[in-house]
Amino acid sequence: MDTARRGPGSGRWGGRARAPLLITLVTPEQRAASFALGRVASNLGLGSGATVAGFIVASAPHLRSFQTLYLFDAITYAALALVVLALVPNRRAAAAHAGAAGRGFRAVARDRRFLIVIAVNIVLIIVGYTLFTNILPPFVKAHTRVGPGAIGIIVLFNTSFIVIAQLPATRVVKRMRRAQAFAAASALWAIALLGVLSATLIHSELGATALLAGVATVFAIGECVHAVVLGPLVADLAPPHLLGRYISLYSLMGTGALALGPAIGGAVLATSPDAVWWGGALVAAVIGAGFLLSGDRIPEPLAVEAGVPDVGEGPRAATQATN
């Protein structure tokens, strides 16, 4: 699975620019839906694009085929740029608040709640995303009866479920408090990580594949919940004039976690293969319990939208308190 579809930290410059742009084009109550729709669109685009490109190259494996694909790719980017320039308004309303609480990353670093959210998210990405994406295939190949073809089916279950369930999941998550949603995602990943260990006890390839397909689906449900809560939360924590820096740092830390996770998981896998899964499940469970105990420290969309100062410190709370 590619990291580009992973909402918490694709790390691409286009993704860092796209997220602040989308946030400025929608109302606060539409942020979760916009993140969900963007994630579905990314999955569909990546999946369909890779499939079509694969068929083109397979049918005509020549240099000209690759040149045609890259030329078409460049044309689509140029078309997107024209659409953005022609149709997307240039909103500068946030400029009026530029002097409220500083402009640079130092102002971002003073937001303790944001830093805590980012730190916890780094851990969640490692135990949730990277273990499934990078560590599961070699572990399954070495310690279960599942073969390479079945591993592809497991990945297909995960990706397909995300495309199908992401938008419905957004409506479900809207009925939950953010702390509860984060706890639910952590619990789902803990269950899925323990489910991987169960596959080692099954001596049938079909049975082990079926179990791991279920594990992939549970992972996908957790991803759907995590993605539609985290992005809007970061946007709500950010003052308008620092939105781009908040999103940039959030994406950069996500990218770092995606790079760090395989290294950590690989080292643990070489030392104790089972410890990767029960250790990751334990970490996810502790994080989930922490979210439940956090109470009102994680701001809710309605509180932010109404301008009610939340408990805790940060540039946004300070700005709201002075208005």
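Phe132 is buried, and Phe219 is buried too; buried means under 20% relative accessible area, with exposed over 50% and partly exposed in between, using a 1.4 Å probe and protein chains only. This is a predicted model, in which local features need pLDDT of at least 70 and side-chain atom pairs count only at pLDDT 80 or more, while totals for chains, interfaces and linings use all residues. Residues are numbered from 1 along each chain as its sequence is written, and side-chain values use heavy atoms, with hydrogens and water left out.

Now for the rings. Across the whole structure, a search finds five aromatic pairs (Phe, Tyr and Trp rings, the six-membered one for Trp, with centres within 6.5 Å; planes under 30 degrees apart are stacked, over 60 edge-to-face, the rest tilted). One of them joins Phe114 and Tyr246, whose centres are 4.5 Å apart and whose planes meet at 45°, so the pair is tilted. Phe114 sits in helix α5 and Tyr246 in helix α9 (residues 243-271), 132 residues apart. Phe114 has 0% relative accessibility and therefore counts as buried, and Tyr246 is buried at 0% as well.

Phe132 and Phe219 make another tilted pair, 4.7 Å centre to centre with 40° between the planes. Phe132 belongs to helix α5 and Phe219 to helix α8 (residues 205-237), so this pair ties together parts 87 residues apart in sequence.

Finally, follow helix α5 itself, residues 112-143, which bends by about 60° at Leu131 (the angle between axes fitted to the seven residues ending there and the seven starting there). Helices here are DSSP runs of H or I, at least four residues, numbered from the N terminus.

Technical notes
Helix = DSSP H or I, 4+ residues; strand = E, 2+ residues; numbered from the N terminus.
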